[in-house]
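Reader: Please give me a close look at one part of this model, its ligand shells, and then carry on to the rest. Keep it brisk, and spell out the cut-offs.

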Amino acid sequence: MSTLPSLSLKHLVELLNAAGCAARLEGADTQVSGMTVDSREAAPGCLFVCKGVSFKPAFLASAIEAGAAAYLCDETLAHAVAQAGGTAPRIVASDVRRAMAIVAAKAYGRPDERLNIIGITGTKGKSTTAYMLRSIFAAANIETSILGSIETDDGFEHYESHNTTPEAPELWRHLHNTEEAGRDIMVMEVSSHGLKYDRVLGLHLSTACFLNIGRDHISPVEHADFEDYFSSKLRIFEQCETAVVNLDSDHADRVIEAAKSAKHLVTFELEHQGKTPQASGAQADFLARDIMASERGISFTVEAEGERHAMTLGMAGAFNVSNALAAIAMARLAGVSFDAIAEGLAHVRVPGRMELVSSADGRIVCIVDYAHNELSFETLFSSVVKEYPGRKVIAVFGAPGGKAVERRECLPRVAGRYADLIIYTEEDPAHERVEDICAELAANTPAGVAHEEIHDREAAVARAFQAAEGEAAVVLLLAKGDETTQHRGDEYPEVKSDLALAREFLGA
Ligand SMILES: CC(=O)N[C@H]1[C@@H](OP(=O)(O)OP(=O)(O)OC[C@H]2O[C@@H](n3ccc(=O)[nH]c3=O)[C@H](O)[C@@H]2O)O[C@H](CO)[C@@H](O)[C@@H]1O[C@H](C)C(=O)N[C@@H](C)C(=O)N[C@H](CCC(=O)O)C(=O)O
Ligand SMILES: Nc1ncnc2c1ncn2[C@@H]1O[C@H](COP(=O)(O)OP(=O)(O)OP(=O)(O)O)[C@@H](O)[C@H]1O
């Protein structure tokens with residue numbers, strides 16, 4: 001791999017001040033190459049960033065021991081880390097999060113000036129749309145990098161992701177690697193936190209897609225309220241060339257208004273009978289019609305650029321047509337043919353999202369899905385009862401400990417409207433007791449809805465299949481997708497994934 005640019009601290013300080021981020025150099029001007037926020041990844045000659053609520057001066061000391069040539073810190077941390085920093089030169093900035101984003105873009109050689117970077121935001125469907133797009137590009141023989149909540153693949157590094165959108169130095173490193181790997185395209189999910197906390201500050205996106213907005217990530221450790229969440233997401237349009245917007249999204253008018261800051265606007269929507277036409281009366285640039293569900297997936301027609309093309313989607317859930325339309329629009333912007341698009345969509349598989357496992361006689365259909373908030377529950381359940389009419393619906397899910405507490409009220413309420421039986425179980429309780437979370441979910445279940453509490457997830461899944469036996473049923477294993485760990489306390493022990501359990505119980 002080629003070496004990274006070597007940069008002088010003096011030059012970086014000038015760059016920061018010019019960008020409106022006050023900074024000063026303390027110590028001798030030194031050359032740095034590469035940067036990191038994690039002492040465990042510090043390499044000789046790099047710039048180490050001191051930041052974060054659980055930052056300890058010992059991290060700085062070990063980064064320097066590993067060869068870090070200098071460090072960047074916030075004014076508020078400057079005194080506390082001075083001793084651990086010893087004689088290493090440092091940049092002290094007024095806002096370390098902004099500063100590290102500005103420096104990272106430079107340290108990794110501004111790959112966004114040459115790459116086609118596609119950013120996808122929305123409450124639900126980001127990973128699905130990103131995988132659809134990658135599958136389409138693969139069908140067109142174009143290898144892409146991907147960065148999102150499931151995996152990170154930049155052509156050199158490939159691992160299970162920690163955050164949906166990583167910290168700026170990590171992000172720019174993946175973009176640099178993408179370019180070094182000879183790839184031209186990065187498909188990335190952009191989370192509301194990524195936008196709010198300047199992880200993507202200054203990143204030039206060729207395309208920014210807004211899928212939808214619903215209440216989520218509102219808690220004392222996330223967004224204070226819906227407005228903070230929504231406005232964080234809308235910031236994506238401030239840094240893109242072309243905005244791709246779902247006209248079916250809630251608050252679509254406000255999304256369109258914000259999208260006007262992009263140079264170009266491309267829209268998509270599903271044709272619904274009885275739908276109120278837009279105020280303008282104009283049809284979206286990409287329209288899906290003739291949506292039909294079958295056991296193998298979904299088929300639909302896309303109408304765009306004055307033509308009609310038949311598409312099939314190898315996934316369940318009619319709502320995935322909306323994600324597919326977004327992917328189609330973005331693929332067309334990148335110049336991919338409709339034939340390759342059709343091929344890519346027909347073969348897409350998104351791990352743990354709307355995965356179908358059926359019993360040999362077809363009487364029991366199990367869907368393993370990652371749905372875990374109000375918007376995705378509503379969409380999933382309403383689509384399942386439409387697509388599998390007359391079947392008994394059995395749902396297995398829980399709620400996480402320590403965050404997104406609103407889910408404990410809304411998930412039983414939504415599921416209670418559609419399910420014949422709900423089984424509450426473990427779902428990453430962290431520092432709370434599974435028993436308490438399940439009891440809270442049970443207490444919020446609408447009167448008259450059958451529900452059970454089975455704290456062990458494997459036993460809960462077994463009970464669901466037992467209850468489905470001898471019936472035409474749909475068993476929904478929700479919220480964990482293909483995850484193979486449970487967050488218990490500070491540990492992440494290995495467990496069987498829902499998909500593995502479904503295959504085991506149905507002998508698939
Ligand atoms: C506000 C924000 O951006 N928080 C992120 C930030 O936390 P932080 O700066 O407070 O860092 P910290 O975890 O306290 O750790 C302190 C620092 O010590 C470093 N460290 C730590 C250990 C060590 O041995 N050596 C060392 O140098 C860490 O790398 C870190 O830089 O840096 C951490 C490491 O990069 C992130 O995990 C953390 O995300 C928080 C915990 C998080 O996960 N937030 C969630 C809510 C989030 O961002 N979710 C979104 C998806 C949800 C959405 O749709 O918005 C996401 O993008 O993932
Ligand atoms: N367009 C959509 N509208 C509503 N719900 C959807 C949509 N697309 C997917 N979902 C539901 O949301 C779940 C998660 O999908 P996906 O992982 O693609 O979303 P995400 O935005 O990446 O989520 P997260 O931010 O939680 O990682 C799916 O399993 C499905 O139940």
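Author: Helix H7 (residues 192–196) is the top contributor to the shell around ligand 1, giving three residues. The model is predicted, so local features need pLDDT of at least 70 and side-chain atom pairs count only at pLDDT 80 or more, while totals for chains, interfaces and linings use all residues. Residues are numbered from 1 along each chain as its sequence is written, and chains are lettered from A and ligands numbered from 1 in the order in which they are written. Helices (H or I, at least four residues) and strands (E, at least two) are DSSP runs, numbered from the N terminus.

Stay with ligand 1. It is surrounded by 21 residues. A residue counts as near if its C-beta atom, placed from the backbone, lies within 6 Å. The closest are Gly 52, Asn 163, Thr 164, Ser 191 and His 193. By class, the shell holds five nonpolar, eleven polar and five charged residues. Nonpolar here means Ala, Val, Leu, Ile, Met, Phe, Trp, Tyr, Cys and Pro; charged means Asp, Glu, Lys and Arg; the others, Gly among them, are polar.

Now ligand 2. Its shell has 23 residues, and Gly 125, Lys 126, Ser 127, Thr 128 and Ala 371 come nearest. Helices H5 (126–139), H10 (320–333) and H12 (374–387) each supply at least two residues. H12 gives the most, with four. Seven residues of this shell are nonpolar, eleven are polar and five are charged.

Next, helix H15. It runs over residues 457–468, twelve in number. First to last C-alpha, H15 reaches 17 Å, close to the 16 Å expected. That expected span is 1.5 Å times one less than the number of residues. Buried in H15 are Arg 457, Ala 460, Val 461, Ala 464, Phe 465 and Ala 468. They cover an arc of only 135° around the axis, so they sit on the same side of H15. The arc is taken from the directions from the helix axis to the C-beta atoms. An α-helix has 3.6 residues a turn, so residues three or four places apart point the same way. Buried means 20 or more other C-beta atoms within 10 Å of the residue's own; exposed means 12 or fewer; partly exposed is in between; C-beta atoms are placed from the backbone. The buried residues of H15 pack against strands S20 (364–369), S21 (392–397), S22 (421–424) and S24 (473–478), and against helix H16 (498–506). Contact means C-beta atoms, placed from the backbone, within 7 Å. After H15 comes Gly 470, with a positive phi near 75°.

His 251 is at about 60°, in the loop between strand S14 (240–246) and helix H9 (252–259). Ala 430 is at about 50°, in the loop between S22 and helix H14 (434–443). His 251 is partly exposed because it has 15 C-beta neighbours inside 10 Å.

Pro 5 lies in the segment before strand S1 (7–8). Pro 5 touches Ala 107 and Gly 109, leaving aside residues up to four places away in sequence. The C-alpha atoms of Pro 5 and Ala 107 are separated by 6.2 Å, though 102 residues apart along the chain. Strand S2 (residues 23–26) covers Ala 23 and Leu 25 on one face and leaves Arg 24 and Glu 26 uncovered on the other. S2 and strand S7 (residues 90–93) run antiparallel, joined by four bridges. Strands pair if DSSP finds at least two bridges between them. Glu 26 has Arg 90 as its bridge partner in S7.

Definitions and conventions: Contact = placed C-beta atoms within 7 Å.
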